[in-house]
Amino acid sequence: MRQSPLSLHPDLIGAWRLERFWYAWPDGRELEPLGECKGQLHYMANGYMSVQLVSCERQPLGMAPTDDQLVAAFREGFAYCGRWQWDSEREEVCHHLSLATIADWDEVTLVRRVTLEGDHLLLGTDAPNLQLPEGGFLTWLEWHRLATV
C-alpha cells in the first residue's frame, strides 16, 4: 500500500551535506559525473525538500563571461525542489519535483532507496538518467547530517 503524500520519515527531516555522488556498475566500474563535488539536501517537516549539487572544480566566471563560459557553468551542477514523502514498505523516499535545473525533471517523481544509519544517509537509484540514458548502473548519493544550532 502506497503512503499518503504527507507521510514523512522523522529521521530524514533536516539538512544534509553531500559526501559523495557516483555511478556504480555491476562489474565494479565507478564514475563521479561531477568529479569532486559538494551539495546540500533539505527535508523539511512541512513536506518540502530541495537539493543542490555542484562540482568543486568549477571556475569563477569573472566580470564579463563569454557565452561558452556561461553554458559550461550550468553544466557543473544541478538543483531541484518540491515535495517529499516516505514509503515505509519499500524503504524509499519519493521526491515529487516542482522545478529543476534539468528541464526534463520538472513535475516528475524521483524515487530513492534509503539506507539511514545515525547521521549517515545513503540514497540510491537504478533509473537511467540524462548523463547515461542506457542505465545499467546504480546512482549513489552519500550524505552526512549537518549539525543543528
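1. Phenylalanine 78 is found in strand β5, where strands (E, at least two residues) and helices (H or I, at least four) are DSSP runs numbered from the N terminus. With a relative accessible area of 12%, phenylalanine 78 is buried, the term meaning under 20% relative accessible area, with over 50% called exposed and the range in between partly exposed (1.4 Å probe, protein chains only).

2. Leaving aside residues up to four places away in sequence, phenylalanine 78 touches Phe21, Leu34, Val51, Gln52, Leu53, Thr101, Ile102 and Trp105, a contact being heavy atoms within 4.5 Å. Isoleucine 102 lies 24 residues from phenylalanine 78 in sequence, and their C-alpha atoms are 7.0 Å apart.

3. On the basis of these points, this is a predicted model, in which local features need pLDDT of at least 70 and side-chain atom pairs count only at pLDDT 80 or more, whereas totals for chains, interfaces and linings use all residues. Residues are numbered from 1 along each chain as its sequence is written, and side-chain values use heavy atoms, with hydrogens and water left out.

4. The protein has one helix and nine strands, following the pattern β-β-β-β-α-β-β-β-β-β along the sequence. Of its 149 residues, 35% are buried, and among contacts with a separation of 6 or more, 51% join residues 24 or more positions apart.

5. Histidine 9 sits in the segment before β1 and counts as buried because its relative accessibility is 17%. Trp84, Trp86 and Leu116 are the residues that histidine 9 touches, not counting those up to four places away in sequence.

6. The lining of the second largest pocket comprises 13 residues, with Val54, Ala73, Phe74, Glu76 and Gly77 nearest the pocket centre. β4 (48-55) and β5 (77-87) each supply at least two lining residues, and the largest share, three residues, comes from β5. A pocket here is an open set of points on a 1 Å grid over the protein atoms alone, where a 1.4 Å probe fits, with protein on both sides within 12 Å along at least five of seven lines; lining residues have an atom within 4 Å of a point.
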